[in-house]
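Please look through the sequence and the structure shown here before reading on.

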Amino acid sequence: MEGLQQTVLGVGTTTVERFRATPTQRGFGALSAMSPAAGNEVVAIDLEGPLDVDRLGRILDRLEGGLDAWRTRFVEEHGALFGVIEPPVGARLRVERVTADRRVARAEALARVPFDLAEGRLVRATLLQTDDERATLVLVAHHAVMDGSALFVLLPRALGALYRSEAIDLEGFAPWAAREADAYDGEAGERARGFWRESLRDAPGSLALPTDHPRSGTRSLRGRRISREAGVTREALEAAGRPVDVAIAALATALHRMAAADEVTVGVTHANRRAPGAERVVGCLVRTLPVRVSPGDAASFSGLVSQV
């Protein structure tokens with residue numbers, strides 16, 4: 001606890017701050033309106049050995065008080081979405097006793113409980129204890145307030161450091177959101193919009209993908225994961241290009257074959273953490289970028305990878 005050093009907006013204050021929601025947050029807000037639990041992200045941290053539960057709770061309380069993303073809720077005014085940073089009230093760590101064979105199922109159930117973006121409390125912490133020396137800390141956050149870098153990397157790293165009484169250095173999200181809003185309204189934002197308008201000029205629309213059953217007129221967001229062996233060696237993948245480029249090219253090839261489309265646009269998430277200090281920001285910085293590729297024009301798969 002003594003090692004907590006942060007440059008976070010509103011640490012230890014009761015001032016309510018506001019910021020204009022970023023485009024990504026507005027997208028997650030719309031997604032949550034369609035399916036309240038669709039934006040949930042979860043990380044489960046397995047803990048072994050004697051655990052001071054009270055100390056863990058105090059550390060979580062301090063993080064809640066220091067990180068504006070933890071205390072953000074969203075309100076809509078005149079068609080615009082705003083983030084409102086509420087005063088600290090503590091992380092309210094819940095402790096549950098579960099059997100070892102029920103721990104995973106309970107964590108999955110916690111991940112499915114929806115959030116109310118207007119009410120707030122968009123981060124939940126639950127400790128699942130199987131015995132005195134085994135437990136799992138389940139952190140569930142709405143994607144509108146934390147991206148994968150924040151929830152899967154920064155928070156677990158900070159928790160471990162603080163439990164060892166080591167210093168950490170994190171930054172709040174609201175100043176970042178304000179800078180992004182200013183850039184969006186300024187000359188840089190206009191240049192970016194011009195770039196994307198030109199890049200996506202005459203881009204194809206939705207693909208006519210074949211389905212086994214008629215599609216419903218209402219988006220359900222239900223789905224499942226299907227795995228297939230690619231039969232490609234690691235050496236071949238490394239020779240083809242970066243793994244992410246190969247994956248995008250492979251997806252574009254599959255869509256090209258299924259929909260008979262010579263050109264496709266694939267949405268790809270980008271961490272958006274290249275700016276100085278961005279690697280310390282606890283919030284939702286991620287963006288989705290459209291990547292336009294033409295499998296029908298590529299003479300080879302490696303040529304398609306080079307388009308990406």
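**A walk through the chain**

Arg 121 lies in the loop between H3 and E6, in what is a predicted model. With a relative accessible area of 24%, Arg 121 counts as partly exposed. Once its neighbours within four places in sequence are set aside, the residues in contact with Arg 121 are Glu 64, Val 89, Gly 90, Ala 91, Arg 92 and Phe 115. Ala 247, by comparison, is 126 residues from Arg 121 in sequence, and the two C-alpha atoms are 36 Å apart in space.

Another part of the chain holds an open sheet of three strands, arranged in the order E1-E4-E3 with antiparallel pairing. Strand E1 (17–20) and strand E3 (72–77) stand at the edges and have a single partner strand each, so that one side of each is left without a neighbour in the sheet. On average, and with direction ignored, neighbouring strands of this sheet are turned by 30° against each other. In general, the strands of a sheet pair through backbone hydrogen bonds, in either a parallel or an antiparallel manner. Here E1 and strand E4, the latter made up of residues 80–85, pair in the antiparallel sense over four bridges, and Arg 20 stands opposite Phe 82 in E4. Across E1 and E4 lies helix H5 (residues 174–185), which runs at about 35° to E1.

The next feature is a pair of packed helices. Two such helices are described by the angle between their axes and by the distance between the axes. For helix H2 (residues 53–66) and helix H4 (residues 148–163), the angle is about 125° and the axes are 10 Å apart. H2 and H4 are therefore oblique to each other, and their crossing is right-handed. Which residues of H2 and H4 meet? From H2 come Arg 55, Leu 56, Ile 59, Leu 60 and Leu 63, and these meet Leu 155, Leu 159, Leu 162 and Tyr 163 in H4.

Is His 213 buried or exposed? Its relative accessible area is 60%, and His 213 is thus exposed. In sequence His 213 is 87 residues away from Thr 126, and in space the two are 40 Å apart, C-alpha to C-alpha.

These details can now be placed within the chain as a whole, which contains nine helices and nine strands. Along its principal axes, the C-alpha trace spans about 60 × 50 × 40 Å. The chain has 308 residues, of which 37% count as buried. Among the contacts between residues at least 6 apart in sequence, 74% join residues at least 24 apart.

Methods
Residues are numbered from 1 along each chain as its sequence is written. This is a predicted model: local features need pLDDT of at least 70, side-chain atom pairs count only at pLDDT 80 or more; totals for chains, interfaces and linings use all residues. Side-chain values use heavy atoms; hydrogens and water are left out. Two strands pair if DSSP finds at least two bridges between them. Helices (H or I, at least four residues) and strands (E, at least two) are DSSP runs, numbered from the N terminus. Axes are lines fitted to C-alpha atoms, for helices over the stretch in contact, and angles run from 0 to 180 degrees between N-to-C directions. Contact means heavy atoms within 4.5 Å. Angles under 35 degrees count as roughly parallel, over 145 as roughly antiparallel, 65 to 115 as roughly perpendicular and the rest as oblique. A crossing is left-handed if the near helix is turned anticlockwise from the far one by less than a right angle, and right-handed if clockwise. Buried means under 20% relative accessible area, exposed over 50%, partly exposed in between (1.4 Å probe, protein chains only).
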